[in-house]
Amino acid sequence: MIPRTIFSSDHELFRDSVRKFLEQEAVPFHQQWEKDGHIDRALWNKAGEAGMLCSHIPEEYGGMAADFLYSTVVIEEIGRLGLTGIGFSLHSDIVAPYILHYGSEAQKQHYLPKLVSGEMVTAIAMTEPGAGSDLQGVKTTAVLDGDEYVINGSKTFITNGWLADLVIVVAKTDPKAGAKGTSLFLVEANTPGFSKGKRLEKVGMKAQDTSELFFQDVRVPRENLLGQPGMGFAYLMQELPQERLTVGIGALASAEAALNWTLDYTRERKAFGKAVADFQNTRFKLAEMATEIQVGRVFVDRCLELHLQGKLDVPTAAMLKYWGTDLQCKVLDECVQLHGGYGFMWEYPVARAWADARVQRIYAGTNEIMKEIIARSLV
């Protein structure tokens, strides 16, 4: 197999610590968390103590000023173990960068140390019942009233929504201005008028606390505006490549884990007097998956190199997101098939990973939207 060369010995030491942390603090409890509909809130604090949250944040705000490969390690280890309830990446690699890049100095000083420590869990509220990938169709409004903005609207499918202490809310400050009328706001969970709906019952990712959020005359100070008014859509577009990169990283890690589970299973499982792995069809399927995963791994690592250099563009990130998640779903479907009836049993990790994977082709922009982004860059 082609060796990975992007990680240093320090990254691999960090990987060992992350793996041990997850195997001790998460793996034994994840099945119960699936029944609960959310992970244990204390895991966030423990992860903060272990340096697993927001490692890229500068030291003056409590972080380690680490490169993105440290985040990559966390994403890959969570994916390898099938711990899809853990929303660390959204918190660290999607929400935190908005505050770091666009927040005022006061906002950064106040919030970022709490994100690093796990004192605050975060979410970003983009999707609405009538607006998914079409972010320009957002109906939630934020109207300036004196020194406060009054927010009204609702959001759905919000990752980390149930446990979130702080939410970045996408709202229209000028509904007539289209994309240029969109702004971002920092809203704490204890703000009057802000309420959380039920935890949504999903086909997969059952331990992830995905929920509805409601805003009824929620008043926040003008200082809670993130960045400049009317710049929200531009900020979202600038940050989406990293979000889509994180999805692609997780997709390949999940596919790789499923292949390993299936290799173990087909070597041990007997049919017609011999191991399932001894049948030519099984061997060819395994060979196909191993090859495609290797191709995907090289692509992921090249995208990571570009991202570290600040050169990962929107179309390339879209390619990774769509192709990587399509591959993930393809591999998991093949792995379920090779497990036979046991592949459809929830107690087997491949079954849970198969169910968990399907949403990857939907969130962070549907794969159809990814193809449209790529096509626009071509023509």
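Visitor: Why is Arg219 called partly exposed?
Guide: Arg219 has 38% relative accessibility, and buried means under 20% relative accessible area, exposed over 50%, partly exposed in between (1.4 Å probe, protein chains only), so Arg219 counts as partly exposed. This is a predicted model, where local features need pLDDT of at least 70, side-chain atom pairs count only at pLDDT 80 or more, and totals for chains, interfaces and linings use all residues. Residues are numbered from 1 along each chain as its sequence is written, and side-chain values use heavy atoms, leaving out hydrogens and water.

Visitor: What makes Asp145 and Arg219 a salt bridge?
Guide: Their closest N and O atoms are 2.8 Å apart, and the term asks for a side-chain nitrogen of Lys or Arg within 4 Å of a carboxyl oxygen of Asp or Glu. Asp145 lies in strand β2 and Arg219 in strand β7 (residues 211-221), so the pair ties together parts 74 residues apart in sequence; strands here are DSSP runs (E, at least two residues), and helices are runs of H or I, at least four, both numbered from the N terminus.

Visitor: Why is Arg297 called buried?
Guide: Its relative accessible area is 5%, so Arg297 falls under the 20% limit for buried. Arg297 also forms a salt bridge with Glu256, with the closest N and O atoms 2.9 Å apart. This pair links distant parts of the chain, with Glu256 in helix α7 and Arg297 in helix α8.
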